[in-house]
Each structure stands twice: as C-alpha cells, then as structure tokens.
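Dear colleague,

I am passing on the structure we spoke about, and below it you will find my notes on what turned up when I went through it. Please read them alongside the coordinates.

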Amino acid sequence: MGSNALNTSAIWGLKELLAIPGGDQIIKCIQCGTCTGSCPMAPVMDYGPRRLFALVKGGDFDEVFSSNTYWICASCYFCTVRCPRGIKITDIMYALKRMAQARGPQEKAAYMYNAFKEAVEGKGRLSELKMMQKYYKKVPMDAFKNTSLGLKLLAKGRLEFKVEPLKSLEGFRRVIEKAKQIEGQS
Ligand code: SF4
Ligand code: SF4
C-alpha cells in the first residue's frame, strides 16, 4: 500500500479479524520475529508470521489473502509458546483461514492442500521435497521465488531426498480410506 491511510476494505478486514476470537491479539505484536524464527514451516511460507502480521496491521489484506502462510501453518504452536507478548498466533492463523474461506475459493491454498495430501498418502510421512515439487507444478512462479532458499536448505541437509515409509503404512491407509468415506457421507 502506498499510503499510510487505510482504505475501506482494509478497515473492514481489520474489523473482521478483531471481531474473531483470538484475532484481536494481533494488535499487541511488537514485530520481534521470535515466531518466524521458531516456525518450522517458515521456509515454505510466502511470509513468516511476523511479516504476515505486519501486513495485517498495515491493512494490506490483498497481500495477506494471496499468501500461502496461514494455509500451510502446521498448528504446531511453537510460535505461540515463545511469543513474548503471549499472542495466540496459531489461533490468528485459524482466524485468517476462516476469513479467507468466507471470501471464496483459494486456488493456491487448494494446490498446497492437495500437494500435502498426495505427498503424505504415498508413504505415510511428509516429504517436503515431494510436496513442494507437486505444488510448484501448479504454481511455477512460487518455484522461481523460492529457488535460492531451496538451494540453501538442500546445502544444509534440511531437505530429505528419501523418506522411509511408515512401518504401519497399511493401517495408515485404512484410516485415510475411512476418513474419505466419512467425508463422502457428510
Ligand atoms: S513473536 Fe509475537 S510479538 Fe514477536 S513478532 Fe511474533 S507475534 Fe509479534
Ligand atoms: S503454529 Fe503455524 S505459524 Fe506457528 S510455528 Fe507452527 S507452523 Fe509456524
């Protein structure tokens, strides 16, 4: 946003977020970056939690809702337990998901969900490399954006080429099948 003044949609976006349980806490953020430093998913997020919250506070909801951040939040709560202001960051991620869903279909998020699902279904464990390969096939522009980060993670051995299948893979697949049946009935 070029101007300091918030436009009408930004004001509505902020009001909506502040009205959601947990969403109001974002105003306490001091931009220390502890959350992003603790977040295991930050390397594949368009914006880490700190930057996302800066965008929210600045009212740049177009950028917020075009990012993948809250969709790939793994709900691990690392950020929440470490935030010096006691902000319930994970709850805010959920709040943003609900707001985004209310705005209509999220194409990038759907691709990320599918990539995650397919990557996990194969071996019962997540291979980040497989997941991102599948995602980047659908959203190649994101691959260009993240190339240097991917290379750094590879160089540091933070991305595994080979993921061992779960020992109880058959049991895991039965659970997935059951979940699909339940979903089909609902
Ligand atoms: S750790 Fe808390 S205060 Fe620090 S940037 Fe993240 S949300 Fe804001
Ligand atoms: S709860 Fe989400 S945002 Fe927080 S550290 Fe975990 S993955 Fe990152």
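The residues of the shell around ligand 2 fall into 12 nonpolar, three polar and no charged, and please keep in mind throughout that this is a predicted model. That shell holds 15 residues, of which Cys39, Cys73, Cys76, Phe78 and Cys79 are the closest to ligand 2. Among the helices, α6 (78-82) and α7 (89-102) each supply at least two residues of the shell around ligand 2, and α7 gives the most, with three residues.

Turning to ligand 1, there are 15 residues around it, and Cys29, Cys32, Thr34, Cys35 and Cys83 come nearest. By class, the shell around ligand 1 is made up of 10 nonpolar, three polar and two charged residues. Here α2 (34-38) and α3 (49-57) each contribute at least two residues, with α3 giving the most to the shell around ligand 1, namely three residues.

After α3 comes Gly59, whose phi is positive, near 80 degrees.

With best regards

Methods. Residues are numbered from 1 along each chain as its sequence is written. Chains are lettered from A and ligands numbered from 1 in the order in which they are written. This is a predicted model: local features need pLDDT of at least 70, side-chain atom pairs count only at pLDDT 80 or more; totals for chains, interfaces and linings use all residues. A residue is near a molecule or strand if its C-beta atom, placed from the backbone, lies within 6 Å of it. Helices (H or I, at least four residues) and strands (E, at least two) are DSSP runs, numbered from the N terminus. Ala, Val, Leu, Ile, Met, Phe, Trp, Tyr, Cys and Pro count as nonpolar, Asp, Glu, Lys and Arg as charged, and the others, Gly among them, as polar.
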